[in-house]
Structure formats: structure tokens, C-alpha cells
Amino acid sequence: MKKFTAVFMMVVLVMSVFLSGCKADELSISELTGADVEAQFGMVDIFEIDTQKMGGELTSLFNNINLWNVGVPSKNEEYNVYEFTDYVQLMQCSGGTEDRDLFIDPLDTSVLDDYDFTKLIDACRGIVELGAKPHLKLGSVPLKYSTNATDGDFNMNVYPPDDYDVYYDYIYALASALVDEFGKTQVLTWRFGVMTEFENKQWFLHSSGDPEETKIAYFKLYDYTVQALIDAIGKKVFVGAHAMACSEGLWDEADFIEHVAEGTNYATGKKGTRICYLAASWYHSQAGMPIYEKNLTFVETMNKLKQTAEKYGLNDLLFGVDEGRILIGSVPGYEKFDLNTRTVGYTYQAPFDAKLYKEAMDNGVDYFSSWSFISGGLPTMSYYVAKHTAEFAGMNRIQVIQTATTSYENNTQALAAYDEDTKTLRVMAYDYRETLETQKSKTMIFKIKMPVESGTATIKTSYINDDCNYFDEWLEDRKTYNITDDMFKWSPDDPGIAAFTGTGKASEELQDVFYNELMPKYKEAAKLTPKTSTIEIKDGELVISDSIDGNSVVFYEITF
């Protein structure tokens, strides 16, 4: 309580008198000195933005998509995620099951080189035709390369190969087939990874179960895979590895980082192994709840990887999240609490993602790969945040100082960027609450120091709130049509609302109502309509006063 009082007193000190009745374009922070600010505005946050104080370029964080199955990805023409998606990750795309093993006969152990890379080539061609690049997560080891191949929790072979030279030949042939099909220049723009969550025993494990033997087996797998890629594609091939990092694995991922930096390469006998990126998994524990105390935060997870890499002199790596977001929902389906897309349909997801974007830009995280942006043709909250944050890419970040807040958790934040050539200023602001429900609105005031003394600016405002989300309508319809939690296999908090129609628990009549009556309504409810207005720049200053819903995000595009 003392912390909140102190924060609110800061608001009162900054804004001791407020001149009521002023329009947004007539305000300056120096005028906001009224003791009746709380009565006028309710919850208030003030940000000072200076276009003259520039930092580095911002990036498009949510520019990766995960695909669990190896196939040609689809495209939604109305909501085209490939406008901001640079890479499509094909998870475990080279082996581990009869379906994923790239052979004519995956179960014929008498022939080890009957390669058939058609499925992977077709998938890569589909990705390229969509305007993206493949990120190929190589693994798991094909069934016929491991004696007594054994499934883990993900129903894929977890064992290493019996013969690493045989495995080298397989990866070399795979990479060579890609070069033959697409050309070396094209393939050098792609990304490659070696396994998923390499220290997770459910993905990779020595047959002995021993942590040390498992660790050495992965070192070998990584070294032989990387060397095969180098020999087939070239020394500049982009390759890296994906750790769990956010939680303890069978062995310490720091040992791998030390190995590639200073250890003996098992494939070449020389010091070190090429590595271009390190990725983590990061999952918030449960939607609408604080992160569990035993779990690392997003920033803690990424800083652990970065600091270990820097310790061993690996200073030029990219750092990203290869899978993550939110693990479980607030309520379960009939089987489990898990969220199918690792996101929720609630508008809460928008400030959750906006917070991730700001934290990533604050801490030098390069990308965050997502499982999904579109659900049954409907844009999700994650889609809108990804689309709008992608517009910041290439712009210079500018200084934002929060001079007052009533947010107890300090989860009301803003980020801004400026492009001198196009005279475009962008601002993202969000209010994040650790609850799934939409909360009381609050006022945000932005005092912007402009590069010109006077003139007229045009502002396009996009509110990412319930007004562009179908999920609030869906929740009401669930009550009306008695669509209960136990009709869903996994948590019904997921934005994939059509999931209940495939579980055999909904009548044909209810399914007809859903697809023919409700879905058209949701398509309308999901549309985002930006608002455009003009505002005067006076004495080199532009001031915006706006009200946004709790648990929502606002984006401003300002041109002048």
C-alpha cells in the first residue's frame, strides 16, 4: 500500500493543477498542475517523448512462425501473416518418426541411404513462395539410425545415432538436395537448428539415461550436423541451437555454450563449432496469473543465455525464443489445461504481447517465434500486435520517460520510434493487468517534443481492445448456447474457438449454428478500424490525451 501511495503522490506532484475543458491539442504538461487530476481523469499515466534523442534501430520481434507438421503452410488472404513473417520454423523436420524420416522406406534398416527429401523440399518451396525463409530444425534422429529407437513425450525417437558418420552423410545429402533445388545463394539466407530443447530428455537422451553421456551425445550430434551443413552449403551457413533455458534440463545448457566456444569439435578435431544463434523456450505459467516463483521471467531467461554466451566470447549471436508464450489456461478442457496455440483469446493477450515486445527491445532479444496468429480465419490479439509492432522495424527508437503513473505493478508502459526520412513517429502504449478480464480504463498523456516548431500532424490511432476481438462475443454466446468447458479437449481459453466442434461433444445442430450464424458475426467483430484525426503542433510540442481500456494496447502513427 505504501508503494502505491508513493506512486500516486508522484502523479499529484507532477500534475498539481489541471485546467479543465482543454482539448488534447491545447495541452502541455506544464499546464497540468491541478489537484483534481484524479477526478478529471481517473487512472493517469504521463509519458514524455523526445524525437531528438534517438537510439538504435528497432526490429520486428514476432517475425517467426512455428509449424509442427512438415508441410506447405497456408495463407489467409485477408489477414496475411506473411506481411510480417520472415521465417517459418519446421519443427523436427528431418526425422524421429516413420512419417518424418526422409527415406523411401524409413523402416528398412538394411538400406541406410535410400533418401527421399521430396516432402521437405516441397515444404521449403511453399515457404519461399509465400515470401518467407525456412528455419529448419534438424532432428530427431531417424528411426533406423538408432538401435531400439525410443519415443519420448513427443512421440519421436529420443536416441542419438549409432554411427555419427552415417548421420553426417544423411544431413549432407539433405543439405545438398536443398542447394540443388534452390541454389546455394538462396539456402545461405535460410536458418538451421539442431534439435528442439536440446537439454530436454523428452527430446534427446542417451540410451543409458545418463546426463553426462546425453550431453556428449548432443555435442557430437551438433558438431557433425554443422559440419555437414558447412560442407554442403558453405562456411557462412546460419546455424544454431534451441535450449529450454527457462527451466532446468537434464544437463546445463551452459556446458553446450562452452563447448561450441572452446571445446574440441567431434567432427573436425579442431577448437570450437560454428554457431550463429541461441534460442530458448519461454512460457508464462498460466494465463491471467503472476508467473510462478520457481520459473524464470522472459528477461531472466534471455539474459541467462546472453550472459553465458558473452562469458565465452560469443558476442555476435542472435538471441530468440523458438517457442513459447502462455502454457496453460485458467480452466481445463476434458483432457488438460494446456492452450493449443499457447495464447488466449481474451484481449489480455494484446498487452501481454506488447509487454514482450518492449522487454525484448529493452534487452536485445531478436525474435520470438509464435505457434499461431490466425484462428479459423479470424485474426487474434497476437496478430494485431505482431502486425503493428512490425511497423516499428527499421525505425530509430526515441526516448520515452514515464513521469507519472498510478500503476501499482508499473505495467503501464510505452515505446516510441521515429523515421526522419518519412517524418513518421510511432508510439505503442499498453496497460497490462494480471487478470483475463477487461479492466477500468485509464488516461494516458503523451508530451512529444517534435522536430518542428509548428504545423499540423495527422494521427492514425489503432486500439487493440475488445472492439476488434471476437472473443468477448464468443464468451456470451457460450452461455446462450450452453457450450461448456468439457466440450473442449484442451483449455477453452484458447482463441481456437472452433475446437469444440471436432471433439464429438457438440450436436450437429449446434455446429450448424456455430458455422452459419455465429462465425459470420465473429468475422465482423474481429475487424480493426483505425481512427484518423489531426492535431496542432505548438511551440515544438504535440500533446495527446487519450483513454484506453485496462488490459489493452494502443498504437499511434503520427505523420507531419
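Which residues does Glu57 touch, not counting residues up to four places away in sequence? In this predicted model, the contacts of Glu57 under that criterion are Gly394, Met395 and Asn396. Glu57 is found in strand S1, which spans residues 43-57. With a relative accessible area of 58%, Glu57 is exposed, because the threshold for that class is over 50%. The C-alpha atoms of Glu57 and Tyr218 are separated by 36 Å, the two residues being 161 places apart along the chain.

Tyr218 belongs to the largest nonpolar core, which has 136 residues. Tyr218 is listed among the residues with the most contacts inside this core, together with Leu136, Leu178, Phe192, Tyr222, Phe256 and Ile464. For Leu136, residues touched beyond four places in sequence include Leu178 and Phe192; Leu90, Cys93, Leu120, Cys124, Trp190, Arg191 and Gly193 are also in contact with Leu136. Another core, of 23 residues, lies apart from the largest one. Among its members are Ala416, Tyr418, Leu542 and Tyr556.

Strand S19 comprises residues 552-559. Of its 8 residues, 7 are buried, so S19 is largely enclosed by the rest of the structure. Strand S19 pairs with two strands, described in turn below. The pairing with S14 (residues 424-431) is antiparallel and runs over 8 bridges; within it, Arg426 has Glu557 of S19 as its bridge partner. The pairing with S16 (residues 455-464) is likewise antiparallel, over 7 bridges, and here Ser462 is bridged to Phe555 of S19.

Methods:
Residues are numbered from 1 along each chain as its sequence is written. This is a predicted model: local features need pLDDT of at least 70, side-chain atom pairs count only at pLDDT 80 or more; totals for chains, interfaces and linings use all residues. Side-chain values use heavy atoms; hydrogens and water are left out. A nonpolar core is a set of buried Ala, Val, Leu, Ile, Met, Phe, Trp, Tyr and Cys residues joined through side-chain atoms within 4.5 Å. Buried means under 20% relative accessible area, exposed over 50%, partly exposed in between (1.4 Å probe, protein chains only). Contact means heavy atoms within 4.5 Å. Helices (H or I, at least four residues) and strands (E, at least two) are DSSP runs, numbered from the N terminus. Two strands pair if DSSP finds at least two bridges between them.
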